[in-house]
Amino acid sequence: MKHRTLKSKNSHTSGYCMAANAMAHVDEIKSESKNPERHGKQDKQLLETFWDLAATSDDKRLEGASKLIELVTRKQESHQKNGATEALCEEVKYTLKRLVRGLASARKGARQGYAMALAELLEHIDQILLADVLKLIQEHLEIKGLKSEEKQCLFGKAFAYLAIIQSGKLQKEDGRFSAEVIKQLQNLGVQKGFLEDICFRAVTDLIARSTTEVFEEDIWPTLKSELKQGWGSCSPYTLALLVTSKRRFPKIIEDKFMQKHWGHADLLDVTNYHHIARIVADSTAASHPNPHAVCEILLSWVTERKELSLFWKKVVDEYLCSSTQDECVFLAFRLVEIVLPNCDTDEVRVVFSKNLLKRYISSLANRQAGLYAAAVKLSGTLGTIVQSLEDPHTQLAVAQSLLQTPGHFNFDEITKSRTVYSVISNFNSDAVKLYIKWLKQLFITGAANIGNDETPDIDIGRQWVAMQVLSLVRNPQLQRQTDWLSECFQFLFLHAFFTVKKSTQTVSGCKTVLSEPVSDSLRQQISQHFYNALGVVCNLSTRTEEAEGSNAGQQGELWVYVIVKYAQELLVSPKVECAVEFNGEAAEAWNLMLAVVEKLRKKMKPDKSASAVPAFQLLFLHVGLQMFSETQQAVEILDDLHGCYDRALNRRKSAKKIDTEEPEWVEVVTEILLSLLSKPSHLLRTVVDGVFKMICPQMTPEALQLLLNILDPTQSEEDDNIEITQSDDEDEGDLEMIEEEEEEDEEDDDDEDEDSDAEEEKKESLPNGNGNHAKKKTDGDSDSENEDSEDDEDEDDDEVDDFFRADIQAALGDAAANEDDSDDVASDFDDETMIKLDTALTSLFKAKMADRRKGKKEANTILLHFKLRVLDLLDIFIKRQQLNPLILKLVHPLLVVAQVASVHKDQQVLSEKAVSIYRNKLCRVKKYPHNITEERESLHKTIEEIMQIAKKATSLMTVSLASAGCLFLIRVLRGNVEMADPSPVKTRHQRAEEKRQSVSGKIVAAAAPESNMLDIERIGKLYSSALEDFMTHRGTCLHPLLFSELIERFPNLAWYFAEDLVKYMTTGCQLYRKTQACRLLAVLMSSRPVQSETPHWSRTSKKLTEETLQLLQSALVDEGQVIKPKFLLQIFILQREYAMACHSIDKLPDFSKMTSVLEELQKKVEVSRSGELTSTVRSVLKSFANRPTDAKVTGKKHKRKSKRNKQSKRAKSIHN
């Protein structure tokens, strides 16, 4: 539809409308007041459409315009059928008048919507005369004295004339009004500069829509006076009008006219380019930062005439880019964005000219440059433009223009941007193949850096090519396909480990013999690039990288297998020489590895369930490829793998032959994985992760212990069986790649007890957990002591090497003497010489100690990285084996790692990662192991060990972690039922009957069996012992968090020490402990359901009533006793929760004495002057008398949710 075209035109000038001041839209009210008879159903619909025209949404405006045109068209047709004398019906008249007036509205979206509807109205209703429309424009859009309305009226006129042009009404009436419309538009452009662009676009649109007769008779006479001014007074708009008219009507604007006024019959003659360049540069004064319309018109014309090269050279490169004004260079950048999508391959190289690239690179490399933002914008746009191009050669030309002269092959490094990377990331598959072909040619010639005013270096050029190939493999935005990925891997592998002696067509990539062989240093770098590239797809197959059905060969094969097969082709080819010594034992190991891999591939098809098969296949292939970099070590690992393979896959046949004392195959594989993990290779780490995922189901306690031994801080830092090599740069990322996962909401008691914590901070000593207190050393003291001890050990252990002895002799100079005559020589030196010698020796020994400490620090860093990788393996095991009982063996070791690492400054990263895995992954698994009857005793012992760690904790974090571990193990024990015999299989009828009874509520009590594996009495005593330590020792390390979390999670266990809490209300070692005893009891009382059937409830409730009454009475009777508000507040809250608990079980004791005491306490000054205490006492008295009325909610889920919400709110109020 035409109104969609008008919408796009109007949206170009929407910025002018948005900047206008708001106007009151009262046309609707006036029109309705003048026409009170307009209240019919159709008229209401008509009025509502005008509101839709002013909507900010484009779709809503289009819908409103469509409804409006449909309504008035129907009214007009009905009007004509009735034989009316007037040409237009009332609805059309009203609509036309209102649309014209609405063009002056400043409401956002109104002007665009009204202009679009006006164009559609003029197009669909032929009875509307153009003279009437122009009359309405002069009548309603004329400025009437108010300065504030001037801008809106001028905008309204411009949009009105634009709507007339878009409607085609001028052409329908033979162009009689074309001259008048052009004059009005020219006047508007002269009046206000902000209208110049929209008026010019309206004129050019009118010229493009006009016929030859209309242009010659009506339009040309109007424009002729302006277009004959010549270059001297030519403005950008004049030039744009001339180009538009000349292109549209070349016969009317004759060559004679052009020769006379513009110096040449052809406007684009080479002699006119300096005038054109000046006018284009001057256009920035009126349109900056947007390109002037004349720029787009000229670019379109020269592209059409295939003269872009000359225009770009004369106008853009030699004039705009050579200008000292930033506006001109900015315009050049914008012209690149405009012209590049329409360029072919040759024109792309023209666009990226010498001066333009020079200004582009300098602006992009300097953040302080005035054109930095414009250069960054162009860099971001280039990727989008390349993506829109379909021709792969054109896409490649964009990258080549940036990388070759006048660009630079290190474009991204120089500009500190990702411009070339963004361009290449948007290549299609064909462009990627062309790019790889170009890179291979550069590698052969080594000419990547030729022509950049630098001395050509073939190694630097080849190194850059190898890096680009690696970047292609790593690029996640490219569509990975087997054909070009295979080319990349073959290219890197060939030049890393082989040399082509003779050209051969049988082996891929060996068609060319390098005139200059690859140097050893470059070969080592390419080797590293190959392993890095292999790390991207080490565990992937070719099928996952491309759409199925492709004609590429070997789909579904592991990439590492494809590369191994290519390596075998190179090894057996007589025309290719291996750069690595591959004879004897290495060759035999390689061939045996290939044979085993082929066996494994055959077993993959019939036995897909054996996860050991793909694991061994991956290990054999990757270790085989390691033979090209570390031959001897890879051969040894392959020997171990063969033994593991025999025991793992042939254990049934050879079970009698295998020695039972030998370790399981999974243990040996785990040792191999740890050995690979200790190497500074991202590829090997990825391989280890992939293989470990496959062998997780076969893990044994011994194999898991191998991982835990690495993390065990009590063992030696360096394992004799594992050699940890120097870390590379990629290892530094381990410290930054630790993902901090979001923790679930937890109750935190720190804010509740600020004053109490302040009292705790005044302690002078810390306990060892058993009531014996020892003074704590500061971290600084411990660190200094450790360093001193390390230095002493180093001094004792290290022997003086020859190099150090030579340094000492050089420092002594002539003083260096043999042992026999050392005394005589020393006696010959004076004091000054001795002082100099002493200074030299002191400096030498200080340097030696500094190097020793630096080496120690580097060794600790390497070991830290290794431990972080082992933690990654444990993370994988927890994720994939949540039902495996072995994860229960990780609780205590991970807690120890987190605790010990937290006290060392250089191991904070290890502590944070261990805490994240322990708290967020292990203790919060959604599923936990079952059938753990044999582990029952060990789990209880683990809980006891964790509790001992909590007693000796030096931080709140350790106590919190210990609490999480205990609760997790309690959860596992409670969820497991000890069964002596297997449970009988229930029939379908029995299961349906049980489900029916459970829904009806008949067997709800039996749904949670009490015969779980948790020894409640043992755990209760354990927590009671910890509670005694917390309540009776001032220097205890425990925190009330340990008990509050248990109460909230398992309140039935907390009742075992409820009586002790009542006792500690009066016998606690300090007021803070007494207050915490009250608070913990209140939390326990708020838990539902109340354990009223147990003997703990009866004893606790009786004792609680007596102790509380005694405390309150003593506070009431003893006038000299100072009442602590916080302690008193907790007692009140406890009584309230106790009363509510009694109401819930219908066992309400006699509160008469308590009521009278509370009423007396209300009168005391200490209570009455505290609003919080007063309100709490009132709530306690109210809870004594009234049962809490909770709204009944039907449905089991709603009841549970309501209960949880109430308990959480009550717990928050208790804490507060």
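In this predicted model, the side chains of Glu 630 and Lys 679 form a salt bridge, with an N to O distance of 3.5 Å. Glu 630 is in the loop between helix H33 (612–626) and helix H34 (631–649), and Lys 679 is in the loop between helix H35 (665–677) and helix H36 (682–695), so the pair ties together parts that are 49 residues apart in sequence. Glu 630 is partly exposed, at a relative accessible area of 33%, whereas Lys 679 is buried, at 6%.

The loop between H35 and H36 also holds Ser 681. Ser 681 has a relative accessibility of 13% and counts as buried, because the cut-off for burial is under 20%. A polar atom of the Ser 681 side chain lies 3.3 Å from the backbone nitrogen of Leu 683. The backbone nitrogen of Leu 684 likewise lies 3.3 Å from a polar atom of that Ser 681 side chain.

**Packing of H33 and H35**

Two packed helices are described by the angle between their axes and by the distance between the axes. For H33 and H35, the axes come within 13 Å and cross at roughly 35 degrees. The crossing of these two helices is left-handed. On the H33 side, the contact is made by Ala 612, Phe 616, Leu 619 and Val 623. On the H35 side, Trp 665, Val 669, Leu 673 and Leu 676 take part. By class, the contact of H33 with H35 has 8 nonpolar residues, no polar residues and no charged residues.

**Salt bridges**

Side chains of opposite charge can pair when their charged atoms come close. The structure holds 30 salt bridges. The table lists three of them, including the pair described at the start.

| Glu 142 | Lys 157 | 3.2 Å |

Glu 142 belongs to the loop between helix H8 (130–140) and helix H9 (150–167), while Lys 157 belongs to helix H9, so the pair ties together parts that are 15 residues apart in sequence. Glu 142 is partly exposed, with a relative accessible area of 34%. Lys 157 counts as buried, at 9% relative accessibility.

Elsewhere, salt bridges that share partners join Asp 266, Arg 305 and Glu 307 into one network.

**Asn 860 and Asp 906**

Asn 860 lies in helix H42, which spans residues 831–880. Asn 860 is partly exposed, with a relative accessible area of 26%. The C-alpha atom of Asn 860 is separated by 8.6 Å from that of Asp 906, and the two residues are 46 residues apart along the chain.

Technical notes
Residues are numbered from 1 along each chain as its sequence is written. This is a predicted model: local features need pLDDT of at least 70, side-chain atom pairs count only at pLDDT 80 or more; totals for chains, interfaces and linings use all residues. Side-chain values use heavy atoms; hydrogens and water are left out. A salt bridge is a side-chain nitrogen of Lys or Arg within 4 Å of a carboxyl oxygen of Asp or Glu. Helices (H or I, at least four residues) and strands (E, at least two) are DSSP runs, numbered from the N terminus. Buried means under 20% relative accessible area, exposed over 50%, partly exposed in between (1.4 Å probe, protein chains only). A polar contact is a pair of N or O atoms within 3.5 Å; within protein, one must be able to donate a hydrogen and the other to accept it, and residues adjacent in sequence count only if both atoms are side-chain atoms. Axes are lines fitted to C-alpha atoms, for helices over the stretch in contact, and angles run from 0 to 180 degrees between N-to-C directions. A crossing is left-handed if the near helix is turned anticlockwise from the far one by less than a right angle, and right-handed if clockwise. Contact means heavy atoms within 4.5 Å. Ala, Val, Leu, Ile, Met, Phe, Trp, Tyr, Cys and Pro count as nonpolar, Asp, Glu, Lys and Arg as charged, and the others, Gly among them, as polar.
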